[in-house]
Amino acid sequence: MSYRFYLDGVLLPVTPGRLKTTVESRNETVRLLSGEERTLVQPPAPAVVELEALIPQRYYPFVNSGRQPPGYYLDFFERLKTERRHVQFIVSRTQPDGGLRFGTNLTVTLEDYAVEEDAETLGDDVRVTLQLREWKPWSVKTVSQTLGSSGGDRETSGAPSGKTYTVKKGDCLWNIAKLLLGDGSRYTEIYALNRDKITNPNLIYPGQVLTIP
């Protein structure tokens with residue numbers, strides 16, 4: 001079977017011999033008052049991918065076509081880390097007859113990488129260990145709550161706002177509504193809130209303290 005590893009569209013020059021993908025559980029176990037245990041099933045944690053990539057200095061028969069100098073790949077990994085952006089990690093697995101066995105296509109960020117140079121085991125070549133973490137889009141959800149009729153703190157239509165106005169000589173409800181509410185026709189709202197003080201909306205007296213919606 002043939003493997004090809006791509007990171008942000010860049011083909012790794014040598015196919016890694018080992019790929020490890022870990023998906024951890026976030027489930028929680030709770031103990032009930034009865035002593036029984038129950039499991040709260042949660043969405044899994046983002047996948048973590050670990051692999052080692054050989055960056056050859058010279059050509060080998062097993063090197064993929066389009067190989068670039070080692071500095072090209074090292075600069076590429078450094079950019080992914082410093083730019084802190086998410087990219088696509090793709091592994092294609094094909095059968096000898098050319099058919100696709102299965103593929104891996106994850107949106108990831110480069111979490112960590114380590115560059116190893118060892119003259120005894122690697123010669124002029126470089127080995128890079130990569131740790132990738134799956135990236136998933138997120139958004140903030142806004143939750144609104146409407147209290148039912150039994151809600152003790154719910155806002156009641158027509159309830160006093162706590163604002164008051166003291167009637168002055170020459171005032172009428174229409175003028176007060178125009179001044180304070182911006183619409184004279186809303187005088188009926190002021191009248192409705194002050195029925196205990198006003199028996200006739202056309203008759204108000206200086207010194208009266210009115211509740212304003």
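Q: So how much of the chain counts as buried?
A: Of its 213 residues, 26% are buried, meaning under 20% relative accessible area with a 1.4 Å probe, counting protein chains only. Keep in mind that this is a predicted model, where local features need pLDDT of at least 70, side-chain atom pairs count only at pLDDT 80 or more, and totals for chains, interfaces and linings use all residues. Residues are numbered from 1 along each chain as its sequence is written, and side-chain values use heavy atoms, leaving out hydrogens and water.

Q: Okay, and how many helices and strands are there?
A: Three helices and 11 strands. Those are DSSP runs numbered from the N terminus: H or I of at least four residues for helices, E of at least two for strands.

Q: What order do the strands take in the open sheet?
A: Seven strands line up as 2-1-7-8-9-6-3, with antiparallel pairing. Two strands pair if DSSP finds at least two bridges between them.

Q: Which ones sit at the edges?
A: Strand 2 (10-11) and strand 3 (19-22), each pairing on one side only.

Q: And how many bridges link strands 6 and 9?
A: Eight, between residues 48-55 of strand 6 and 126-134 of strand 9. Within that pair, L54 stands opposite R127 of strand 9.

Q: Switching topic, what share of the contacts join residues at least 24 apart?
A: It's 56% of the chain's contacts between residues at least 6 apart in sequence. Contact here means heavy atoms within 4.5 Å.

Terms used: Buried means under 20% relative accessible area, exposed over 50%, partly exposed in between (1.4 Å probe, protein chains only).
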